[in-house]
Amino acid sequence: MKKLLLLLDSMIYFDRQVLKGIQTKTEELSLKVELHLESYTDTNYLRSQKWDYVIADLNKPNVSDALQDLCLHTLVFRNHDGGDIPTGFSSVTVDNFGLADTALQSFKNSGYQAVGYYTSQQDKDAQWCLERRAGFTQSAQTGGFTIVANIEQAIANKDFPIGVYCSSDRSARKLVNLCYRNSVSVPEQVSIIGTDYDDTERMLSSIPLSSVALNPVELGKICIETLFKSVRYKKAYQEVFSSYELIHGRTTQSALKLDTVLVKAESFIRNNFHRNIKIKQVTEYCRVSRKTLDSRFLDNYGETTHQFITKQRLDRAKHLLVSTDDSIDAIAKQCGYPNQCYLSQVFSKLLRTTPNRYRQQTEDKAS
């Protein structure tokens, strides 16, 4: 029987749930493999054994060193899209932008205009936290929200109501405590959504937290599916793990059902618009017809799916034009267009100018 090495930390709840998902999917697929849970720090032992497959948490310190020359069929999972994946490895990456999209969709359904991002000192410098902030900012700008930069100051000034997306349930719990110390009503004045649906943090919170669930059991299942797809087709795959379920507690007012199709489509577009994706790829990912998808975008944003994709590309192009010295052709390719002619056509049609003129006009205004 072949051996599957798991470089996880069984002392951590999240890793134990990932392991549960791996076990479940292995049984569902009737895979004839032995699971071996080992420490990534014991490199001498790891290299003394022969492994047929490996799944590892890339966020663990020095795990990349332990993986060197260990096994041909290796998959790593990680909690943010940063750093290089070792050559030849498959990967599954948490979609932090999708988490933020889910929270903001709830605030939109509840009628909030002002929204902010809040993180605790423990979280603030973590790469996954910074990525969730970036996802929040991008989604809030796209959704037409007013972004509150300093949540603590807004609470002190009583600038209500505010919808606050928190980097984690730990941050959400701390924000609940801050509101109570300042006699601020939750969720009437400040609506709070955490991330991870963490059992411990929810237990410690004075009121049940609303949270975007990041299901590690499903992550484990996707790891197995991706690993054995790479074995079957003899190529590495880079997948994104997304969560779109908001579990309401008592820190939010609305229990309206999220439009998960819209959130899923937005997340896919933001992660892939630079790859020259077509509408068909979005509909296949969301498993809906183009008519259904267009109706969702028209109802929520007053624009079709194609127009939404074009706006993402145009915003990215404008940013690159003023923040880099890249050629127009290079910028076009970074935005999902095959060459500068396509980008110029979009600028001419929507902005009545060319990319070069836009860059020059922006530079003239700044000088």
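Select Ile 22 first: apart from its neighbours within four places in sequence, Ile 22 is in contact (heavy atoms within 4.5 Å) with Leu 4, Leu 6, Leu 8, Leu 35, Ile 55, Gly 220, Lys 221 and Ile 224. This is a predicted model, in which local features need pLDDT of at least 70 and side-chain atom pairs count only at pLDDT 80 or more, while totals for chains, interfaces and linings use all residues. Residues are numbered from 1 along each chain as its sequence is written, and side-chain values use heavy atoms, with hydrogens and water left out.

Next, select Leu 4, Ile 22, Ile 55, Phe 77, Phe 107, Phe 136 and Tyr 165, which touch the most other members of the largest nonpolar core, a set of 37 residues. A nonpolar core joins buried Ala, Val, Leu, Ile, Met, Phe, Trp, Tyr and Cys residues through side-chain atoms within 4.5 Å, where buried means under 20% relative accessible area with a 1.4 Å probe, protein chains only. Because domain 1 (2–94 + 216–243) and domain 2 (96–214) both give residues to this core, it lies between them; the domain bounds come from an automatic or database domain assignment.

Now colour those two domains, whose centres, taken over C-alpha atoms, are separated by 31 Å. Their contact takes nine residues from domain 1 and eleven residues from domain 2. About 840 Å² is buried between domain 1 and domain 2, with carbon and sulfur atoms giving 53% of that area; buried area is the accessible area (1.4 Å probe) that two parts lose on being put together, summed over both. To finish, select His 80, Val 94 and Ser 243, which supply 56% of the area that domain 1 buries against domain 2, more than any other three residues.

Definitions and conventions
Buried < 20%, exposed > 50% of the residue type's maximum accessible area, 1.4 Å probe, protein only.
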